[in-house]
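I opened my notebook for a look at this structure. Here is what I looked up, entry by entry.

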Amino acid sequence: MKNIDVEKLNQLREERGFAIREVAEISGVPMSSCSKIFAGLNDNPTLDTLKKLAKTLNCIVDDFLVQEKEYYSDRKTAELAEQIFEKPELKILLDASRDLNVSDLKAVTEIVNKIKGAK
């Protein structure tokens with residue numbers, strides 16, 4: 001993943017007062033991997049590794065990726081996009097509702113809320 005903003009990643013780490021060693025210990029990512037990632041020498045960490053770093057730094061992965069353009073207007077939208085990416089069933093629901101008008105979307109929302117309330 002060559003689009004890691006190493007400067008931003010280190011800034012997040014420093015703002016939280018963590019040494020690289022502490023990030024490794026808290027996240028469970030091996031120290032050697034953390035050192036390479038924070039130095040910009042590992043351009044292909046796994047998504048799982050990036051998620052562990054983000055959780056430790058109390059942010060989301062998008063917070064330290066290089067963005068060619070801003071895809072999301074706010075953090076909540078970015079979090080929703082990440083959830084849709086991680087849960088294919090949410091993508092199915094979104095795809096199915098894409099062409100619905102506002103009143104139909106409200107009806108679908110009511111149905112979903114009723115289903116959630118029944119559990």
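**Entry 1, the model.** I noted at the start that this is a predicted model.

**Entry 2, α2 against α3.** I began with a reminder to myself that two packed helices are described by the angle between their axes and the distance between the axes. For helix α2 (residues 20-27) and α3, I found axes that come within 9 Å and cross at roughly 130°. That angle makes α2 oblique to α3. I also looked up the handedness, and α2 passes α3 in a right-handed crossing.

On the α2 side I listed I20, R21, V23, A24 and S27, which meet M31, C34, S35 and F38 in α3. Sorted by kind, the residues of this contact are six nonpolar, two polar and one charged.

Next I asked myself which residues touch the most other members of the largest nonpolar core. Of its 17 residues, these are L9, C34, F38, L53, L57 and F64. I see that α1 (6-15), α2, α3 and α4 each supply at least two residues of this core.

I then followed L9 and set aside its neighbours within four places in sequence. What remains in contact with L9 is I4, I37, F38, L57 and F64.

Last, I went to the loop between α3 (31-39) and α4 (47-56), where N44 is found. Is N44 buried or exposed? I put N44 down as exposed, because its relative accessibility is 57% and the cut-off for exposed is over 50%. I also checked N44 against E7, 37 residues apart along the chain, and their C-alpha atoms are separated by 16 Å.

Notes: Residues numbered from 1 in each chain as written. Predicted model: local features only at pLDDT ≥ 70, side-chain atom pairs only at ≥ 80, totals over all residues. Heavy atoms only, no water. Helix = DSSP H or I, 4+ residues; strand = E, 2+ residues; numbered from the N terminus. Buried < 20%, exposed > 50% of the residue type's maximum accessible area, 1.4 Å probe, protein only. Axes fitted to C-alpha atoms, helices over the stretch in contact; angles between N-to-C directions. Parallel < 35°, antiparallel > 145°, perpendicular 65-115°, else oblique. Left-handed = near helix turned anticlockwise from the far one by under 90°. Contact = heavy atoms within 4.5 Å. Nonpolar A, V, L, I, M, F, W, Y, C, P; charged D, E, K, R; others polar. Core = buried A, V, L, I, M, F, W, Y, C linked by side-chain atoms within 4.5 Å.
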